[in-house]
Amino acid sequence: MKRKDLLGLLDCTAEEIDEILTVGLNMKKLLRAGKKTLTDLQGKSVTTLFYENSTRTRCSFELAAKYLGAHVVNITAASSSVTKGETLVDTGKTLDAMKNDVIIMRHPMGGAPRLLAETVKAHVVNAGDGMNEHPTQALLDMLTMRENFKSLKGLKVAILGDIRHSRVAKSNLYGLTKLGASVSMYAPRTLMPAGLDKMGARVCRSREEALDGADVVMGLRIQLERQQGGNFPSLGEYAKYYGVNEAVMNYAKKGALIMHPGPVNRGVELTSGLIDGADSRIEEQVLSGVAVRMAVLSLLTKGEK
Amino acid sequence: MIYKNAEALIGGELKKVDISVENGIIQQIAPEIKGEGYDLKGLTVLPGLIDMHVHLREPGFEKKEDIESGSRAAVKGGFTQVCCMPNTKPAIDNKVTVSYIKARAREVGLCKVQPIGAITVGQEGKDLAPIGAMKAAGAVAISEDGKSVLETKLMANAMQYASDFNLRCLCHCEDKSLVDGGVVHEGYYSTLTGLKGSIRAAEDIIIAREICLAESLNLPVHICHVSTYSGVQLIREAKARGVQVTAETCPHYLTLTDEVIKDFDTNTKVNPPIREEKDRLALIEGLKDGTIDCIVTDHAPHHEDDKRVEYNLAAFGISGLETSFALSYTALVKSGELTLAELAEKMSTNPAEILGLQGGKLEVGAPADFVAVDLNAQWKIDPKEFVSKGKNTPFAGRKVYGRVKCTVVDGEVKYEEK
């Protein structure tokens, strides 16, 4: 893979995604074998720069970098600091001057990692930007699917939840369709953005339609903090009409995988029975996350002294 | 002074004439006037362009623009008269600020600057600004600019009260609750970029409200920077049933579609947002059939500091004075959509009529405000050449036709290309 930054899957080729997944699968094997002292990033410094709260993603990136032998520094800035104080461009220049090799950024606004990447010499990895992209989440989802299905070609993936505000849905849509999978999406109309069909999604008007013949069913978090504007009446009503439960799972293929980027609202996006059931891969996704982030960091910095 | 050998737009037709000027007034327009003069051979002369919607930023935001730099940009763009919006600091919501702007513009002495007063004190949407006093000091219209007066009753009062002073309300149409923090047009490209979009109805609902008020009260109203196809249709239908509504649009809505946001270029961030091809085509259609009366720039200069940030945080606006004529000429006249005479109406005659300003026509007895352009000159837009402090344009690198060579205000050459 020859690129400076990983900003999203929209501008990645199928070959690049395939390469990341292949390396990621290998990393996952090593992790399972307890190998956590790799040297891919030895002598390199990695900074995580998070303008949004995150425990799992930041922790996952930090461990990935550490397992590869990097020095890691974490900066957590309150969202409010985006609008006051130092500009992103100036922050980037400062981090660059400190000889950072990789900056991993999460930011509440779409396009921010791109602005940073244009400013700094360091590699930039997007750890989620507003409603734009979250490439490593999609990559870890795809890695988890590949472990189960060998190939993603022809796979039917259903994504249900708050699609409108979801960078995960979009990165998955780009990545999955590039590798030949088909993606169905369903949400209350208030939580469906415009133009998804033009981006290659199968936009559905019912849970049953979305789940029909699905190999993978992915729930997306209903972000409680984003539901002030009356997108739906209550969580109870959401669960009843839009949530995934055992009954609607009958429309999916038998044994279809249950996935969720977490954290889950139990009984809202998915029932507890499905979350804890045999077909759930939610915990597996977490390990995939560390592995795929190791792959991304390793590939981006490969061949550098 | 005699301006000689001009191909001038007189009464809707291009005629080879000389124009003699005394005391700032056109004295004679004739095929050959004896005497020495200023040679305009090879150039086309149009009535001085009038932009009824600009932001000059002074007082308060002189880092972005001031009356001097804005006036310089205006005459370079062929404008002899500009009307400046009240979102300054302090806002133009009092007679002192109106007087200050008039005085400062006279000192600068380039183009005529006509202040537009705020509708409410501090543009806060609560109490009516001193509309009578602002008119007495020289305000030519009132506008809440950059937002709508949210309280409908207050808007009705403003229209009625302003009409006593023969002032028109210029309405920025935006339903705040529907926009809800949106920064681009909602559609495929807002989903693609993850930038929050706002739907056409956010603009159309307030256009419809202002039309309803104008119709109910039998008063005139002017709709600012129309950007939606549906807004054009609302205005067209209102005009057809006799509502006194006039409207403007801007070069960027006539030349760009929302695809330009896909690379997060903050120079494409403007309010209302750049919309889709069907909106662009409808706006051109609206210009052709008279639904849209004027082309304005909504000149909104910003410092690089306000644009070299995250898209959400970037300031709204495009620096437009120095590109407006060429963009409009290329997109509308060169392409055969409008005649040159029609373009001059949209960019000069109609704004003058709507606001009751002098100018807008080349005729004996009128102020000698005109612009000489080389219609065949092709050039590439380069923000580095802007004299405006605002270099913020999404048109960098675009090839256009029509170059302003000379701008004359009250008979004096205020700009000429070296």
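Student: At roughly what angle do the axes of helix α1 and helix α2 of chain B cross?

Tutor: This is a predicted model, in which local features need pLDDT of at least 70 and side-chain atom pairs count only at pLDDT 80 or more, while totals for chains, interfaces and linings use all residues. Residues are numbered from 1 along each chain as its sequence is written, and chains are lettered from A and ligands numbered from 1 in the order in which they are written. Helices are DSSP runs of H or I with at least four residues, and strands are runs of E with at least two, numbered from the N terminus. With axes as lines fitted to C-alpha atoms, for helices over the stretch in contact, and angles running from 0 to 180 degrees between N-to-C directions, α1 (residues 67-76) and α2 (residues 95-108) of chain B come within 10 Å and cross at roughly 60°.

Student: How is α1(B) oriented to α2(B)?

Tutor: Angles under 35 degrees count as roughly parallel, over 145 as roughly antiparallel, 65 to 115 as roughly perpendicular and the rest as oblique. The crossing at roughly 60° therefore makes α1(B) to α2(B) oblique.

Student: Which residues of α2(B) make the contact with α1(B)?

Tutor: Two residues are in contact if their C-beta atoms, placed from the backbone, lie within 7 Å. From α1(B) come B:Ile67, B:Glu68 and B:Ser71, and they meet, on α2(B), B:Ile101, B:Arg104, B:Ala105 and B:Val108.

Student: How far apart do the C-alpha centres of the two domains of chain A lie?

Tutor: Chain A is divided into domain 1 (14-133 + 286-301) and domain 2 (135-282), with bounds from an automatic or database domain assignment. In domain 1 of chain A, 21 residues are in contact with 17 residues of domain 2, and the C-alpha centres of these domains are separated by 25 Å.
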